[in-house]
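Good morning, colleagues. Please take a moment with the sequence and the structure on the screen before I go through the side-chain pairs, a sheet and a helix.

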Amino acid sequence: MHAVTVAISDPDTGARFIVSGRDAEEPVAADARFRVGSITKTFVATVVMQLADEHRLRLDDPLLRYVPASPWGDVSLRQLLRHTGGVPDHTLAAGFADALLDKPERRWTTAEVLDLVADRDRDFAPGTAYAYSNTGYVLLGQVIQAVTGQPWARVVRQRIIEPLGLGDTSIAGVDDPATDTISGWFDTSGDGFDDPVTGPWPALDTTEGPAGALVSTAPDLVRFARALFEGDLVSRDARREMTTPGQFHPPHSNYGAGRRTAPTRLPHRRAGPQRITARLSRHHVVPTRPASRDRRPGQRLPREHGRPRAAAPGPMRWCTSERHPYLSHAMRNTG
């Protein structure tokens, strides 16, 4: 069964959480842990902005200043943040998905990840177009380490996770695996349809890294979003940089620095696993189904007409818990 947790955050009334679905046989809780995918990029971009605020780097600096051996040394940090540097995306490299499935326990190094596209032609000249690139954020992880002398994950923890008290947020592939993480889906065959996956997956975790390895909860993401957009996590100028739409985007889609922008402003800021809308991100939630029907990396899932078999989502409901005592009543069945 699919599962989703949505947080609705209001400055006056606080946050409320809507949940639907089950993991194994238990209803999904408001504070369930999900792989939050590319919301990781927003955390990494926040650190880059903090370092810029501290005058330890400049967004128009070329990558070469921090990573001298990079084949994309003439790309600026701003272009990496905005996906306008023309750096090929390693997750689109031929055989990438097969490599993750063939050796799911393999731990990739950053150099091995970058080698997947080191010999590929650029997608375009820097600053002339837009193409989403996970590799660009792997490079930003290298920049953070070059500036601070510490791995990107440790810096994210020291600057964001610990100060904000994000106790349910961790970094897959770096921290100890969170055993209660909701199982998610991954397109294992490259056919455009996702297969359900459960359990640790070191090969996926270490190839995502600063582009997508974060594990978190809706309540933690609400706290992060408030600190980023309403607090003093970054300066006003940095916040404007992150939220200003860029160039070269298709209609109804845009990207600032480290987060997507929506074409309209919503009345509330919302946060959820793989989705903090309007102000933070527009990524989809991670769907799940009962553990009895999950499969681990490397195990193929039976398909019906080319699609994974999937159950309909369950009824939406307001969630209450000792930690998050909000409104509780049944919502309509959206299946």
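How many salt bridges does the structure hold? There are 14 of them. Please keep in mind throughout that this is a predicted model. In general terms, side chains of opposite charge can pair when their charged atoms come close.

I begin with the pairs around Glu 241. Arg 78 forms a salt bridge with Glu 241, and the closest N and O atoms are 2.8 Å apart. Arg 78 belongs to helix H2, residues 77-82, while Glu 241 belongs to helix H9, residues 236-243, so this pair ties together parts that are 163 residues apart in sequence. Glu 241, in contrast, is buried, at 15%.

Arg 82 is buried, with a relative accessible area of 11%. Which residues make up the network of salt bridges here? Asp 60, Arg 78, Arg 82 and Glu 241 are linked in it.

Another of the salt bridges joins the side chains of Arg 120 and Asp 123, at 3.4 Å from N to O. Arg 120 counts as partly exposed at 35% relative accessibility, and Asp 123 is partly exposed at 36%.

I turn now to the aromatic rings. How many aromatic pairs does the structure hold? There is one. Phe 43 and Phe 224 form this pair, with 3.9 Å between the ring centres and 20° between the planes, and the arrangement is stacked. Phe 43 lies in helix H1, residues 39-53, and Phe 224 in helix H8, residues 218-229, so the pair ties together parts that are 181 residues apart in sequence. Are these two phenylalanines, Phe 43 and Phe 224, buried or exposed? Both are buried.

Charged side chains also sit over rings. The charged end of Arg 106 is placed over the ring of Trp 108, 3.7 Å from its centre. Lys 41 lies over the face of Tyr 137, at 5.9 Å from the ring centre.

Tyr 137 brings us to helix H5, where it is among the buried residues. Helix H5 covers residues 134-148; at 1.5 Å a residue, its 15 residues should span 21 Å, and its end C-alpha atoms are 22 Å apart, which agrees. How many of the 15 residues of H5 are buried? The number is 12, so the helix is mostly covered, a residue counting as buried under 20% relative accessible area. Among the buried ones are Leu 139, Leu 140, Val 143, Ile 144 and Val 147. What covers the buried residues of H5? The covering elements include H1, H2, helix H4 (110-115), helix H6 (152-161), helix H7 (202-208) and strand S10 (254-255). Just after H5, Gly 149 takes a positive phi of about 80°.

Next, a sheet. Strands of a sheet pair through backbone hydrogen bonds, either parallel or antiparallel. In this model, an open sheet of three strands has the order S5-S9-S6, and the pairing is antiparallel. Strand S5 (34-35) and strand S6 (170-171) stand at the edges, each with a single partner strand, so one side of each is left without a neighbour in the sheet. S6 pairs with strand S9, residues 214-216, over two bridges. Within that pairing, Val 215 in S9 is the bridge partner of Ser 170.

Gly 37 is found in the loop between S5 and H1. At 13% relative accessibility, Gly 37 counts as buried. Gly 37 and Gly 212 are 175 residues apart in sequence, and their C-alpha atoms are 4.2 Å apart in space.

Let me close with the chain as a whole. It contains nine helices and 16 strands. Of its 335 residues, 52% count as buried. Among contacts between residues at least 6 apart in sequence, 68% join residues at least 24 apart.

Technical notes. Residues numbered from 1 in each chain as written. Predicted model: local features only at pLDDT ≥ 70, side-chain atom pairs only at ≥ 80, totals over all residues. Heavy atoms only, no water. Phe/Tyr/Trp six-rings, centres within 6.5 Å; stacked < 30°, edge-to-face > 60°. Helix = DSSP H or I, 4+ residues; strand = E, 2+ residues; numbered from the N terminus. Buried < 20%, exposed > 50% of the residue type's maximum accessible area, 1.4 Å probe, protein only. Lys NZ or Arg CZ within 6 Å of the ring centre and 35° of its normal. Salt bridge = Lys/Arg side-chain N within 4 Å of Asp/Glu carboxyl O. Pairing = 2+ DSSP bridges. Expected span 1.5 Å × (residues − 1). Contact = heavy atoms within 4.5 Å.
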